[in-house]
Amino acid sequence: MPGAGGVPKRVLCLANATPLDARPGECATGSGDPGGPCAHPSDLWSRTAANRTACGRVPCWVGRINRLRKKLGLRCQQVRRFTITTDSTHALPVAENVLAQTFVATRPNETWVTDLTYVPTTEGWLYLAGIKDLFTCEVVGHAMGARMTTALVSQALGAAVRAKHPRPGLIHHADRGSQYCAQAYQDQLRQCGMTASMSRRGNCYDNAPMESFWGTLKNELVHHRRFETRE
């Protein structure tokens, strides 16, 4: 997510780039961790008197960060506008919102959230179905294809079940898309002993963990790139 001025809150480590004002083996924030962000990265971009990090060793003012970014040729990647892809205008049965925005799980394979997204290519859309475990934040299953079908989301669910072997009672939360409401998919959930849960109509916040994951994935790996094929 962007911070003030549209600058990402995640701070890139500049330890391996030279020449720099940062000390060898440190990121420019002074956290001392070449692979990790500053403890308070959002402070870097605040144009106030509190515009320094809490790391305690190397103060990072906006001017310095801008100068280092310019020297290294770094630029910010902006988050693109969210596009609604769910088609809930169907007559298929809809499950209750069992999850009810309770996004805190107590163990692995207790709650899974799932959704569909798309990636543009020169061949056309590449559709991606993913399933995320709320406890581990791991994507436990996924599938990709040229069409946004029930078979695609069923393939992702099958991959997740084979990988994790969840116990009966797992809460499976999705939106009201026709793929997830389809009889074949609901039968698959029942065979696996899962409890179906669905978002309220037009409320993306009910599936916020999965929506957030798609946003991060696209901003870091999809946007600002061009894919020639779906492969």
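Modeller: Start with Asp187, which is partly exposed at a relative accessible area of 29%. Here buried means under 20% relative accessible area, exposed means over 50%, and partly exposed falls in between (1.4 Å probe, protein chains only). This is a predicted model, where local features need pLDDT of at least 70 and side-chain atom pairs pLDDT 80 or more, while totals for chains, interfaces and linings use all residues. Numbering runs from 1 along each chain as its sequence is written, and side-chain values use heavy atoms, with hydrogens and water left out.

Asp187 forms a salt bridge with Arg190, at 2.4 Å from N to O. The term means a side-chain nitrogen of Lys or Arg within 4 Å of a carboxyl oxygen of Asp or Glu. Both residues sit in helix 4 (residues 183–191), three residues apart, about one turn of the helix. Helices (H or I, at least four residues) and strands (E, at least two) are DSSP runs, numbered from the N terminus. Arg190 is exposed, at 51% relative accessibility.

The whole structure holds four salt bridges. Another of them joins Lys164 to Glu138, at 3.1 Å from N to O. This pair links distant parts of the chain: Lys164 is in helix 2 (residues 150–164), Glu138 is in the loop between strand 2 and strand 3 (139–145), and 26 residues separate them. Lys164 is partly exposed at 28%. Glu138 is also partly exposed, at 34%.

Glu228 and Arg226 make a further pair, at 3.8 Å from N to O. Glu228 counts as partly exposed because its relative accessible area is 48%. Arg226 counts as exposed because its value is 67%.

Which charged residue is buried yet has no salt bridge? Asp133 is, and the nearest side chain of opposite charge, Lys164, is 7.0 Å away. For charge, Lys and Arg count as positive and Asp and Glu as negative; His and the chain ends are not counted. Asp133 lies in strand 2 (residues 124–133). Its side chain reaches the backbone nitrogen of Phe135 at 2.7 Å. Leaving aside neighbours within four places in sequence, Asp133 is in contact (heavy atoms within 4.5 Å) with Pro108, Asn109, Thr111, Trp112, Glu138 and Val140. Glu138, then, is in contact with Asp133 and forms a salt bridge with Lys164.

Methods:
A polar contact is a pair of N or O atoms within 3.5 Å; within protein, one must be able to donate a hydrogen and the other to accept it, and residues adjacent in sequence count only if both atoms are side-chain atoms.
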